[in-house]
Amino acid sequence: MPNLIMFHGRECPHCKRMMPLVERLERETPVRFDRREVWHDEENADLMRSYLEIIAPKCGGQLRVPTFLNPGARDAVCGEMPYEDLKAWALKQG
Amino acid sequence: MKKRYWRCFVCNDIHFGIAPPELCPTCKVLQAYVEISAEEARKFLGSGQDVALAPEDFRGAIERFAAGNEFRVNPDREKVDLLLSGIFENEKSHGFKFCPCRLRTKNREEDLKLVCPCNFTVHETYRGVPNGECWCGLFVRRT
Ligand code: SF4
């Protein structure tokens, strides 16, 4: 599986809702996310900013959390979504 | 156009904007504003009394703000509590009440659009959406 990143914020309700779905996805499939909290960790924030050009066009022109990113394929999806959508996106990444 | 500083010649209210207010919101005098320098404006603002705004005060402030609008503060108390804690954490660590569900880019002008409440009425999650919300879900359209 490619290296996938989940950017999230500790006090972001969408992220809170998505976290159990990410955990379930990791239990049920070989998908793994590198979780990066961006409001309390400037290194993670800088990492997310470094992907602005990939993320912004897919996320309303902004850096929003949660963002699920495949840096290799330059693909990203953001926000709250049903489990099946997250799974389909992650498995599509190869 | 650049925003400038203005002072009410009656009550010393300070306004920062492209044009002065026609009516002073404090003393209700018409055509009362005269342009001043940023330096003098900061002195007026800096000499004002300290007004703290705790999370509970901010909750009241956004509720009063929403009362006159087509949206309201989300009735989901748990969600609002989580957001308020993030907003205040961000103010403490990063200087402004930044949105907990987005990240600043370090471009100052862009980042000032992320101060809560932001102008979410233009966001695709709100504009034209019958049960629209701000990106975080702090404000929801009244149905
Ligand atoms: S999206 Fe909602 S919570 Fe975030 S800054 Fe705007 S109004 Fe505040």
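Ala, Val, Leu, Ile, Met, Phe, Trp, Tyr, Cys and Pro count as nonpolar, Asp, Glu, Lys and Arg as charged, and the others as polar. The legends below refer to a predicted model.

**Close-up 1. Lining of the largest cavity.** By class, this cavity is lined by 12 nonpolar residues, no polar ones and 1 charged residue. The lining comprises 13 residues, and those nearest the cavity centre are B:Cys99, B:Cys116, B:Cys118, B:Cys134 and B:Cys136. The space inside amounts to about 90 Å³. Across the whole structure, the search finds 1 cavity of 30 Å³ or more.

**Close-up 2. The ligand and its shell.** The ligand sits in the largest cavity. Among the residues that surround the ligand are B:Cys99, B:Cys116, B:Cys118, B:Cys134 and B:Cys136. The surroundings of the ligand also include B:Pro117, B:Phe120, B:Trp135, B:Leu138 and B:Phe139, together with B:Arg102. This shell divides into 10 nonpolar residues, no polar ones and 1 charged residue.

**Close-up 3. The largest pocket.** About 260 Å³ of space lies in this pocket. Its lining consists of 15 residues, and the closest to the pocket centre are A:Gln62, B:Arg102, B:Glu110, B:Lys113 and B:Leu114. By class, the pocket lining has 6 nonpolar, 5 polar and 4 charged residues.

Key. Residues are numbered from 1 along each chain as its sequence is written. Chains are lettered from A and ligands numbered from 1 in the order in which they are written. This is a predicted model: local features need pLDDT of at least 70, side-chain atom pairs count only at pLDDT 80 or more; totals for chains, interfaces and linings use all residues. Side-chain values use heavy atoms; hydrogens and water are left out. On a 1 Å grid over the protein atoms alone, a cavity is a set of points where a 1.4 Å probe fits but cannot get out, and a pocket is an open set with protein on both sides within 12 Å along at least five of seven lines; lining residues have an atom within 4 Å of a point. Grid points are joined across faces, edges and corners, and a volume is the space filled by probe spheres set on the points. A residue is near a molecule or strand if one of its heavy atoms lies within 4 Å of it. A molecule sits in a cavity or pocket if more than half of its atoms lie within 2 Å of its grid points.
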